Amino acid sequence: MTRGKRHTAQTWQQFRKNKPALVSFYLLVLFVVIALCSDLIANRQPLYTKYRGKVFYPAFQTLFHKTLTDSTLNPATQKYEKLQFDITDWRELELEKVVWPPIPYSAAQHDTYNMDYAAPSGNHVYKNSKGEITSAPYIFRHHLGTNRIGQDVAAGLVHGTGIAIQVGLVAMGIAAFFGILIGATAGYFGDDGLRVNRASYVLAFPGLFFGYFYGFVVRKNILLEAFDSGLFLGVVQLVLSLAILSIITIGFAYLGRFFKKSRKVSVPVDIFISRIIEIFDSMPALLLIITISSLFVEKSLTMVMGIIGFLAAPRIARLIRAEFLRIRNLEYVQSARPLGMGHIRIIFRHILPNALAPVFVYMAFGIASAIIAESSLSFLGIGVPPETVTWGSLISSARDDYNAWWMVVFPGLAIFITVTMYNLIGEGLRDALDPRLKV
Amino acid sequence: MTIYLIRRILLFVPTLIIISWVAFGISVSAPGDPVENMLNASDGGSTINIANKQALIAKKRHELGLDLPLFYFNITSVADGKQGAASWENYVPAIHFYGTQNQYHRWLSHIVLHGDFGTSYNTQLPVMDAIRAKLPLSFSLTLLSVILAFGISIPLGMYAARYRERFFDKASAVVLFMLYSIPNFFMGTLLLVFFANPQFLKWFPESGMQDALNFDDTWPLWIKIQHWAPYLVLPLVAYTYSSVAFISRQMKAGAVEVFGQEFIKAARAKGLSENAILWKHVFRNALMPIITVFAQVFPAAIAGSVIVETIFALPGMGREIYQALLNHDYPVIVGVFTIFGFFTLLGYLVSDILYAIADPRISYSKS
């Protein structure tokens, strides 16, 4: 364990020497903070306010309860008036004290007074507490402008930060999970590592057939219903079906053990998996994403992240496979089997930690391209639901009026900075983890 | 070498088959019934009475082969399609073989033998006609962009390697790295906003291929090209810049490696000028890895065409698939996807073969 810690510390030391990468890393931390606090940075409700002698923290109070309602006593009529926090326009109330968030607009909010592309330097108006529409003070200005339906660009940027980071991480998480599983199997067993009875080998095929039948044909309606009621439930049922498939296949192969006289043969695991990886690796990814997303009537971000992730998995599988093929021939692994360790333990405890370096490097670059892919889809209006505000969809709303340069420049810069940041982190990681550059 | 080529071509076939499965899968699982979509599009679905419509649908289904089984074989339970089956029959598998009388076989043979992708729901015209009309533009744009990218980035990479660690190298590295991180839809929109907009600079026409009022179909080709040129400048920039960034980085890396080798020292020692070394010795040896880059540039250009053609309203394949997506015109989506997929795989195949010819080590190391 101490050795592992020392290695991490050493990598961090190396990484720190690369200044652009280090700056990018701190920037990433900042972006994560912005994403986590997005509802406190850009919100139409005040952070703190005093109204009719009563103190509220609307932005905080609605974090977990969106439609929180409270009431105040109107001194003129002596009646209680209801305040539903998220639909109240606090600007129209006579607040005694107020602290606004840095951007006093929510991402999805339509500012009806500043519609039709209010320029950052243009004339902005708001409705004050006396019900007059007057020129907006500095705090209520849209510093980065608005779009056609009056959404604040700055608020959209803050809200989009979380989505961009989430897309990158989730897509690459999915890719890493499947990529590592597939690549490790191919690399660990190779073409000669898995020796079984010929009977087991032969029996696995009918096993596969029955596994497919009981996992997918019998459960067909269950699967379809699960996918109809939600992506998450669908995936759970899919994993269950895959589990049934593998249990039945392994069960059939296990029966082969009773044929004591059967000769031992090697299963060409690597050839089989490598061919599949190559096939999926040469698929035109973006085109595939666009085409597949056309099938889904209900658009969802989860689906986009899932497809991007699945299509990146072969790359990671390829990297992991190459590392495993190298490491499995090292002495410490060769001696682990005679010591009585199981395959699973050797794969996950002894080889995997040493094989992860290229995967981390790829993931940094992969997150950058996942963010580009998602924003391209949002830009085209395919994939994400129309009411979700992302960086790509902000740029896309400039296509109706090219004079609105702020709709292009600011979200574009946000994407550009994020992508550059991940690319620089990737380069830094590669330099830090590549043993050839170490002294 | 021969073995490598055969293996590489053998890999091409299953990949193509999988592309065809994906395309077929999309056309089968597309929302809505194809026959009803077709009828609704042709007459608004109102003029025919219900009974006639049912008969018409059944007839049309038979014509299109939609009443056939989906694939060559199918695994079901014994109970499937049987009246009053016992519950245990649900758990007994049955395999059915259908031979070539199935939808997939029919679909594929129509494409391979007749180039027939069906008819578009929207225009009621054969999908192949639309593809044939749009393919030349997309293809020439892609080709032009690839040629342009190599033409710019090879000298760029070479000079960066020659003046390594000097100002030119460092400045170009930073600029190219930044260009590489700009998504092409952002670049395209940015170009339109600032260079085709009366509010800023109106250097280029904002969209389309030609001026509808002035364009004359009887013009000789070179006048047509003159007319098209200003329309294509911005799309080409949006198409090319990221490949330039990518290729010149690769080129520089290759050239730097060659510069470090012994025979360059020998060339210097015998008094060859630095320029002669650069172009005679380094260039030839550094060119090889660039060939594989072709494999990565080509599919990227194809995917990029969807975005670039949409932004600049160019009537090519990329815009065609985008419009079809918005209209849920599935025959067109499947057709364009299949053609694009085919060309992408062909691009990979050709560049792998070129690479194997240029660098024999590849074909030996992989066996």
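The model is predicted, and every value given here was computed from it.

**Two helix pairs**

In chain B, helix H1, which spans residues 2–29, and helix H12, which spans residues 330–358, have axes that come within 10 Å and cross at roughly 170 degrees. An angle over 145 degrees counts as roughly antiparallel, and H1(B) and H12(B) are therefore roughly antiparallel to each other. The crossing in which H1(B) passes H12(B) is right-handed. On the side of H1(B), the residues that make this contact include Tyr4(B), Leu5(B), Arg8(B), Phe12(B) and Ile19(B), while those of H12(B) include Tyr330(B), Ile333(B), Phe337(B), Gly341(B) and Asp352(B). Sorted by class, the contact of H1(B) with H12(B) has 16 nonpolar, 5 polar and 2 charged residues.

A second pair is found in chain A, where the axes of helix H11 (residues 301–327) and H14(A) come within 10 Å and cross at roughly 160 degrees. H11(A) and H14(A) are therefore roughly antiparallel to each other, and H11(A) passes H14(A) in a right-handed crossing. Among the residues of H11(A) that make the contact are Val304(A), Ile308(A), Arg315(A), Ile316(A) and Glu323(A), and among those of H14(A) are Pro358(A), Tyr362(A), Gly366(A), Glu374(A) and Leu377(A). By class, the contact of H11(A) with H14(A) has 12 nonpolar, 1 polar and 3 charged residues.

**Nonpolar cores**

The largest nonpolar core has 156 residues, and those with the most contacts inside it are Ile289(A), Ile308(A), Ile316(A) and Val336(B). H5(A) gives the most to this core, with 20 residues. A second, separate core has 5 residues, including Leu203(A), Ala204(A), Phe252(A) and Ala253(A). In soluble globular proteins, nonpolar side chains tend to be buried together.

Two of the core residues named above, Ile308(A) and Ile316(A), also belong to the contact between H11(A) and H14(A). As for Val336(B), when residues up to four places away in sequence are not counted, it touches Ile131(B), Met317(B), Glu320(B), Ile321(B) and Ala324(B).

**Where the chains meet**

The contact takes 34 residues from chain A and 41 residues from chain B. On the side of chain A that touches chain B, at least two residues each are supplied by helices H6 (198–217), H9 (269–281), H10 (285–293), H14 (357–380) and H16 (406–433) of chain A. H16(A) gives the most to this side, with 7 residues. By class, the residues of the side of chain A that touches chain B divide into 24 nonpolar, 9 polar and 1 charged.

**Two residues of helix H5 in chain A**

Both Val170(A) and His159(A) have their place in helix H5 of chain A, which covers residues 153–189. With 19 C-beta neighbours inside 10 Å, Val170(A) counts as partly exposed, because a residue is buried if 20 or more other C-beta atoms lie within that distance of its own. Leaving aside neighbours within four places in sequence, Val170(A) is in contact with Met305(A) and Gly309(A). Although Val170(A) and Gly309(A) are 139 residues apart along the chain, their C-alpha atoms are separated by 7.6 Å.

His159(A), with 26 C-beta neighbours inside 10 Å, counts as buried. Leaving aside its neighbours within four places in sequence, His159(A) is in contact with Ser38(A), Ala42(A), Ala107(A) and Val389(A). The C-alpha atoms of His159(A) and Asp431(A), which are 272 residues apart along the chain, are separated by 33 Å.

**Loop residues with positive phi**

Gln78(A) and Glu165(B) each have a positive phi value in a residue other than glycine. Gln78(A) lies in the loop between strand E3 (69–74) and strand E4 (79–84) of chain A, whereas Glu165(B) is found in the loop between helix H5 (127–162) and helix H6 (167–180) of chain B. The table sets out their values.

| Residue | Phi | C-beta neighbours inside 10 Å | Class |
|---|---|---|---|
| Gln78(A) | near 60 degrees | 7 neighbours | exposed |
| Glu165(B) | near 65 degrees | 8 neighbours | exposed |

Definitions and conventions. Residues numbered from 1 in each chain as written. Chains lettered and ligands numbered in written order. Predicted model: local features only at pLDDT ≥ 70, side-chain atom pairs only at ≥ 80, totals over all residues. Axes fitted to C-alpha atoms, helices over the stretch in contact; angles between N-to-C directions. Helix = DSSP H or I, 4+ residues; strand = E, 2+ residues; numbered from the N terminus. Parallel < 35°, antiparallel > 145°, perpendicular 65-115°, else oblique. Left-handed = near helix turned anticlockwise from the far one by under 90°. Contact = placed C-beta atoms within 7 Å. Nonpolar A, V, L, I, M, F, W, Y, C, P; charged D, E, K, R; others polar. Buried ≥ 20, exposed ≤ 12 C-beta atoms within 10 Å, placed from the backbone. Core = buried A, V, L, I, M, F, W, Y, C linked by C-beta atoms within 7 Å.
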